[in-house]
Amino acid sequence: MTDTTRQAALENFVRGLPKAELHIHIEGSLEPELIFELAQRNGITLSYPSVDALRAAYAFTDLQSFLDIYYAGASVLLAEQDFFDMAMAYFRRAHADNVVHAELFFDPQTHTERGVAMGTVINGLARAQEQARTELGVESGLILCFLRHLSEQDALDTLEQARPYLDRIVGVGLDSSEVGHPPEKFARVFAKARELGLRLVAHAGEEGPPEYVWSALDVLKVERIDHGVQSIRDPRLLDRLVTTRMPLTVCPLSNIKLCVFKHLSEHNLADMLRMGVCVTINSDDPAYFGGYMNQNFVATVNALDLSAAEAKQLAANSFEASFITPEQRAGYMARLNQYSQNLGA
Ligand code: ADE
Ligand code: ZN
């Protein structure tokens, strides 16, 4: 085999891997075309004259520069059908990348503060989940994220508003501007969510220091860390992540677009994977960062020279880290093993 055919074979193998996506902000899957369509449907005037002009504005220097444009994009979502259309478009893209299970983050405060009811958001997303299950065979869960630039009281009120819909939600998370808003600011609301039987995750160590990962673990008692790439700066923390198999939902193309790493070849995902950290690959906000799951997988495998066995390990990690039953996990792992055996990997 030539190097080119070997690389094409590896890319095909990676694309076909059954996988779970655990770090996708559903509002970050809104493509510019759909933003314009929804703006027109809802009589909203955007501050960009065209799809191309909006896309051209996607040149970010850090997390905050992205969040400003991301919240503006989400402002076109008003009706239940809008949330359904957004989520259904994501599920179709995920299905094309062989995502068989997805856990979707959503940011209710972005919508409720504009007068959209919690039920409108959740019912629209839940209807898309049902259609994705029956039409595409893609299973999914919803994770309600609190915006960390707002107060803890606002988060507590949001959890209260979500009370009638808790059977539709698998867990809670923490996102938005990280630096200056440490996890411990949300200690009470996470304790409350835990009492209610919800699973817990938080963004930590995306731009913020390793201390934020420690407090997400020890104060919030999260079961997964979203991003967590700054953990590499603290050997004691890395040791803890390895020994506890604490999953990190890493988003390689996001990290490049938001200038966390300069080049993908400098990303620390391969180092952490080889140390035994339960790292997974995810798309974060695929409409803004230039790629859904398979674009993240293929670019990372190529840039970091990962083997087929390492790519399979990343898919296995995604099922290990999913909030699913042991039976579901065993089913996905059997599917993954069958797939790689058939391809001799
Ligand atoms: N909200 C959407 N994407 C995010 C990210 N990458 N970090 C923090 N909050 C977010
Ligand atoms: Zn994120």
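The structure is a predicted model, in which local features need pLDDT of at least 70 and side-chain atom pairs count only at pLDDT 80 or more, while totals for chains, interfaces and linings use all residues. Residues are numbered from 1 along each chain as its sequence is written, chains are lettered from A and ligands numbered from 1 in the order in which they are written, and side-chain values use heavy atoms, leaving out hydrogens and water.

**Aromatic rings**

- A search of the whole structure turns up 13 aromatic pairs; rings of Phe, Tyr and Trp (its six-membered ring) pair if their centres lie within 6.5 Å, and planes under 30 degrees apart count as stacked, over 60 as edge-to-face and the rest as tilted.
- One of these pairs is Tyr58 with Phe60, which is stacked, with 6.0 Å centre to centre and 25° between the planes.
- Tyr58 is buried at 8% relative accessibility, and Phe60 is buried with a relative accessible area of 8%; buried means under 20% relative accessible area, exposed over 50% and partly exposed in between (1.4 Å probe, protein chains only).
- Phe146 and Phe190 form an edge-to-face pair, with 6.1 Å centre to centre and 65° between the planes.
- Phe146 belongs to strand β3 (residues 139–147) and Phe190 to helix α9 (residues 187–195), so this pair ties together parts that are 44 residues apart in sequence. Helices (H or I, at least four residues) and strands (E, at least two) are DSSP runs, numbered from the N terminus.
- Phe146 is buried at a relative accessible area of 0%, and Phe190 is buried at 0%.
- Tyr58 and Phe60 also belong to a cluster linked by ring pairs, together with Phe66, Tyr70, Tyr71, Tyr288 and Phe289.

**Charges over rings**

- The charged end of Arg127 sits over the ring of Phe84, 4.4 Å from its centre; for this, NZ of Lys or CZ of Arg must be within 6 Å of the ring centre and within 35 degrees of the ring normal.
- Arg224 lies over the face of Phe323, at 4.1 Å from the ring centre.

**Helix α7**

- Helix α7 (residues 118–136) has 19 residues and should span 27 Å at 1.5 Å a residue, which agrees with the 26 Å between its end C-alpha atoms. The expected span is 1.5 Å times one less than the number of residues.
- Its buried residues include Met118, Val121, Ile122, Leu125 and Leu136.
- Among the elements covering the buried residues of α7 are α5 (80–96), β2 (99–106) and α8 (152–162), where contact means heavy atoms within 4.5 Å.
- After α7 comes Gly137, with a positive phi near 75°.

**Parallel strands and their crossovers**

- In strand β5 (residues 199–204), 5 of the 6 residues are buried, so the strand is largely enclosed by the rest of the structure.
- Strand β4 (residues 171–175) pairs with β5 in the parallel sense over 2 bridges; two strands pair if DSSP finds at least two bridges between them.
- Val172 has Leu200 in β5 as its bridge partner.
- β4, α9 and β5 make a right-handed β-α-β unit: with the strands pointing away from the viewer, the path from the first strand over the helix to the second runs clockwise.
- β5 and strand β6 (residues 224–227) run parallel, joined by 4 bridges, and Ala202 has Ile225 in β6 as its bridge partner.
- β5, helix α10 (residues 210–218) and β6 make a right-handed β-α-β unit.
- β6 pairs in the parallel sense with strand β7 (residues 248–250) over 2 bridges, and Ile225 stands opposite Leu248 in β7.
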